[in-house]
Amino acid sequence: MSSLLKLHPVSAVFGAFLCLNQSCTDSSAVEKITVTGSSTLAPLVADMAGLFEAKNPGIRIDVQAGGSSRGILDASSSLADIGMTSRNLKAGENGLTSHRIALDGIALIVHSQNPVSDLSHDQVISIFTGKTEFWNEGNDRKIVVVNKAEGRGTLEVFLKHFELDSADIDADLIVGENQQAIKTVSGNPLAIGYVSIGAAEYEAANGTPIRLLAVDGVTATSKTVAEGTYPISRPLLLVTKGHAVPAGLTGRFVEFCQSTAVHELIGSHLYVPVRE
Amino acid sequence: MIGGAARLSRNDRLLGAAGGFAALVVLVGFGAIVFDLFQTGTASLSIPFLVGKVENGGRAGGIGPVLISTGMILLVCLAVALPLGTGCAIWLSEFASKIRFARAITAGIDLLASVPSIVFGLFGMVFFCRTLGLGFSITSGGLTLACMILPIVIRTTLIGLSGAPSNLRPGAAALGLSRVSTIRHLLLPVAIPGVVVGTTLGISRALAETAALIFTSGYATRWPEGFDDSGRAISVHIYDLAMNVPGGAANAAASALVLLLALLFINYLATLLADRWLLKRIAPTSE
């Protein structure tokens with residue numbers, strides 16, 4: 001054995017590490033809950049968790065990103081105590097209670113060189129289904145439709161609002177995250193896409209060459225979302241298993257995320273707090 | 001004859017120019033990336049940034065906990081992959097040369113090296129996090145990375161061992177040295193540069209890894225208190241800042257700069273160590 005250790009000094013380190021890890025798993029006296037889901041919501045909820053932890057010593061809230069569908073799945077299967085989703089629950093997703101913590105509008109964006117600043121409901125449908133193919137009547141500026149990938153919260157909200165099916169969309173490009181959509185549109189004067197309003201407002205205010213389009217004459221801003229006049233918005237939800245408000249730490253954290261104590265935090269993450 | 005020689009030298013010049021151009025393209029490409037990172041990231045880079053906690057989703061504060069988590073993940077990864085990798089390579093090279101099964105293992109190892117990292121990530125999530133019950137933790141992340149870099153460590157150690165002069169083994173046997181002594185005193189010193197190269201490549205791949213870690217070591221940005229804590233690795237942090245956090249671009253670039261500098265430092269250290277061991281290594285006596 002000793003010659004083996006000499007042969008591999010590294011295995012001694014490995015052994016020491018195993019012992020260390022053992023002692024760590026034994027001392028799990030802290031109360032811990034796990035939150036998984038929407039990558040849109042994860043940075044916000046992680047900060048809420050940090051604030052909650054600071055106010056309640058001895059409590060651990062682990063936030064993990066992975067998409068809305070995964071959050072719903074993990075909450076249903078009890079892999080997570082709380083799921084995060086940036087869309088409403090669908091028909092088949094039963095046995096869960098949703099808790100609204102904030103709102104997010106979805107803005108249609110184009111490159112700032114594009115002269116268009118307002119589209120009607122029907123024009124948006126016509127563009128995204130490929131019926132309108134050009135920006136101008138001269139038919140030389142072809143529209144580049146930037147769509148979101150399957151499973152993205154923004155895609156689901158967009159489709160539901162315009163009563164479209166995923167297969168109806170005639171997309172030229174398919175992207176994942178909001179930032180990716182913004183980078184794509186800001187790099188292509190012919191592109192149109194849709195992203196979270198807060199993110200679009202922030203990027204536009206900081207010099208990224210994009211414009212937020214008004215829909216049916218209503219400007220796309222955090223303010224119109226908060227007032228409820230802007231038509232395309234989505235709730236940011238926490239979901240828990242069962243039909244009652246969860247008990248214990250899980251319930252306390254959900255309550256905290258809905259309290260006015262986190263409104264400033266929600267604003268700093270560019271989402272809209274829910275005001276009763 | 002003379003014309004032929006002239007044409008040859010013109011070809012030589014052409015080849016040299018083409019090679020030089022290729023090198024220039026590579027250099028400009030790399031330079032553009034580094035320039036962009038410096039331009040976006042230098043303003044955020046500071047000592048408080050390196051040691052501070054993550055605030056406001058990463059837009060503010062620093063990357064202190066992320067660096068600690070990354071270091072701990074790397075420690076777990078290397079503590080598992082190095083002994084397993086070198087052990088496996090020694091067995092394959094010194095003990096299993098006549099076993100047909102060993103060839104299948106070598107083929108398997110090479111296949112493993114080409115598996116996309118997201119596959120390792122999903123495997124790690126199912127096996128380490130759920131089946132072994134390690135949950136989202138630095139241990140799960142480190143073990144997943146260890147699986148990923150194992151092929152690199154085994155391959156480079158094998159190459160190191162195959163570089164040993166062929167007369168070393170019968171010579172040692174003729175002197176009555178046991179196999180363990182032969183390996184320990186003669187072959188391992190020869191293989192060490194290979195191990196160092198493998199470790200460096202492994203560390204580089206591990207540090208740059210996002211897909212294998214986001215579902216295993218996870219997303220948490222608090223200061224890790226143990227190996228069973230979830231901890232965000234630096235590449236996951238850069239990815240999240242660039243993709244999910246509006247206004248995270250400056251800190252994403254600063255974090256990427258830190259990663260780049262860390263990799264340069266590790267490469268430099270590895271070269272230094274390899275040189276030192278090469279000097280100290282036992283020179284085989286001439287025939």
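1. Ground rules. This is a predicted model, in which local features need pLDDT of at least 70 and side-chain atom pairs count only at pLDDT 80 or more, while totals for chains, interfaces and linings use all residues. Residues are numbered from 1 along each chain as its sequence is written, chains are lettered from A and ligands numbered from 1 in the order in which they are written, and side-chain values use heavy atoms, with hydrogens and water left out.

2. Chain A on its own. Its secondary structure comes to eleven helices and twelve strands; these are DSSP runs numbered from the N terminus, H or I of at least four residues for helices and E of at least two for strands. Of the 276 residues of chain A, 51% count as buried, that is, under 20% relative accessible area with a 1.4 Å probe, protein chains only.

3. Chain B on its own. Here there are eleven helices and two strands, in the order α-α-β-β-α-α-α-α-α-α-α-α-α along the sequence. Taken along the principal axes, the C-alpha atoms of chain B fill a box of roughly 65 × 65 × 35 Å. Chain B has 287 residues, and 46% of them are buried.

4. Two domains in chain A. Domain 1 covers 31-103 + 235-273 and domain 2 covers 104-227, with bounds from an automatic or database domain assignment. Their C-alpha centres lie 28 Å apart. Twelve residues of domain 1 of chain A are in contact with 15 residues of domain 2 of chain A.

5. What lies between the domains? The two domains of chain A bury about 970 Å² between them, with 57% of that from carbon and sulfur atoms; buried area is the accessible area (1.4 Å probe) that two parts lose on being put together, summed over both. Leu103(A), Leu270(A) and Val272(A) supply 46% of what domain 1 buries against domain 2, more than any other three residues. The rule also finds two salt bridges across this interface, each a side-chain nitrogen of Lys or Arg within 4 Å of a carboxyl oxygen of Asp or Glu. The side chains of Arg87(A) and Glu156(A) meet in a salt bridge at 3.4 Å, N to O.

6. Chain A against chain B. The contact takes 40 residues from chain A and 39 from chain B. About 3200 Å² is buried between the chains, and carbon and sulfur atoms give 58% of it.

7. Charged pairs and contributors. How many salt bridges are there between chain A and chain B? The count is four. The side chains of Arg222(B) and Glu53(A) meet in a salt bridge at 2.6 Å, N to O. Helix 2 of chain A gives the most to the side of chain A that touches chain B, with eight residues. That side divides into 16 nonpolar, 13 polar and eleven charged residues, where Ala, Val, Leu, Ile, Met, Phe, Trp, Tyr, Cys and Pro count as nonpolar, Asp, Glu, Lys and Arg as charged, and the others, Gly among them, as polar.

Definitions and conventions. Contact means heavy atoms within 4.5 Å. Buried means under 20% relative accessible area, exposed over 50%, partly exposed in between (1.4 Å probe, protein chains only).
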